[in-house]
Amino acid sequence: KVYRETGGQVKAMSNLGRLISGDKLREQVAGKDVRFVGKVIQFDEKEAVLECNSTKVKVLKPNPDHYTNTRYVEVFGKVEDPADNPPSITEHKSIPFGNKFNMALYNRMLTLTTGEFGYLFQGPAEKPADETAEAPMETEEAAA
């Protein structure tokens, strides 16, 4: 697991919410914690609008220090209304990624880690049910 400092506490990144892309936000349930990276396209003290994978996402209660001098931000937050236009998230934490970030590569990584073989990138508790059950191995003693 990858660990990162978060507000005086060290937490596993997997405990901070599911990594998603903006277009998958509408599939999430209100109240669920998620994280994503987006390009800042609008910002004021009450909200920011980020673009991720051609989808706009409204971030409520953004940390002003993380949006003013950067074009890309990773946001950890709670889904408020996935059906809203644009969908909204209340920020718990954000990390500025600077002005140079390859969104195409990030989106490709999301496709690999959340697609058909996404369980390869998750912990054992998140594997699909049919993949976790293994048939017992037959031993020579059992065969005799």
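Throughout these exercises, buried means under 20% relative accessible area, exposed means over 50%, and partly exposed lies in between (1.4 Å probe, protein chains only). Helices (H or I, at least four residues) and strands (E, at least two) are DSSP runs, numbered from the N terminus.

The model is predicted: local features need pLDDT of at least 70, side-chain atom pairs count only at pLDDT 80 or more, and totals for chains, interfaces and linings use all residues. Residues are numbered from 1 along each chain as its sequence is written, and side-chain values use heavy atoms, with hydrogens and water left out.

**Exercise 1. Helix H1**

Determine which residues of H1 are buried, and describe how they are arranged about the axis of H1.

Solution. 
- Step 1. H1 comprises residues 103-114, 12 residues in total, and spans 16 Å from its first C-alpha to its last, close to the expected 16 Å. That expectation is 1.5 Å times one less than the number of residues.
- Step 2. The buried residues are Met-103, Tyr-106, Asn-107, Leu-110 and Thr-113.
- Step 3. Viewed down the axis of H1, these buried residues fall within an arc of 130°, so they line one face of the helix. The arc is taken over the directions from the helix axis to the C-beta atoms.
- Step 4. An α-helix has 3.6 residues a turn, so residues three or four places apart point the same way.
- Step 5. Ala-104 and Leu-105, on the other side of H1, are exposed.
- Step 6. The cover over the buried residues of H1 includes strands E3 (18-19), E4 (33-43), E5 (47-52) and E7 (72-81).
- Step 7. At the N-terminal end, Asn-102 caps H1, with a side-chain oxygen 3.1 Å from the backbone nitrogen of Ala-104.

**Exercise 2. The second largest pocket**

Identify which element gives the most to the lining of the second largest pocket.

Solution. 
- Step 1. On a 1 Å grid over the protein atoms alone, a pocket is an open set of points where a 1.4 Å probe fits, with protein on both sides within 12 Å along at least five of seven lines; lining residues have an atom within 4 Å of a point.
- Step 2. The second largest pocket holds about 210 Å³ of space. Of its 14 lining residues, Ser-21, Lys-24, Leu-110, Thr-111 and Thr-114 are the closest to its centre.
- Step 3. E3 and H1 each supply at least two lining residues, and H1 gives the most, with 4 residues.

How values were computed: Contact means heavy atoms within 4.5 Å. A polar contact is a pair of N or O atoms within 3.5 Å; within protein, one must be able to donate a hydrogen and the other to accept it, and residues adjacent in sequence count only if both atoms are side-chain atoms. Grid points are joined across faces, edges and corners, and a volume is the space filled by probe spheres set on the points.
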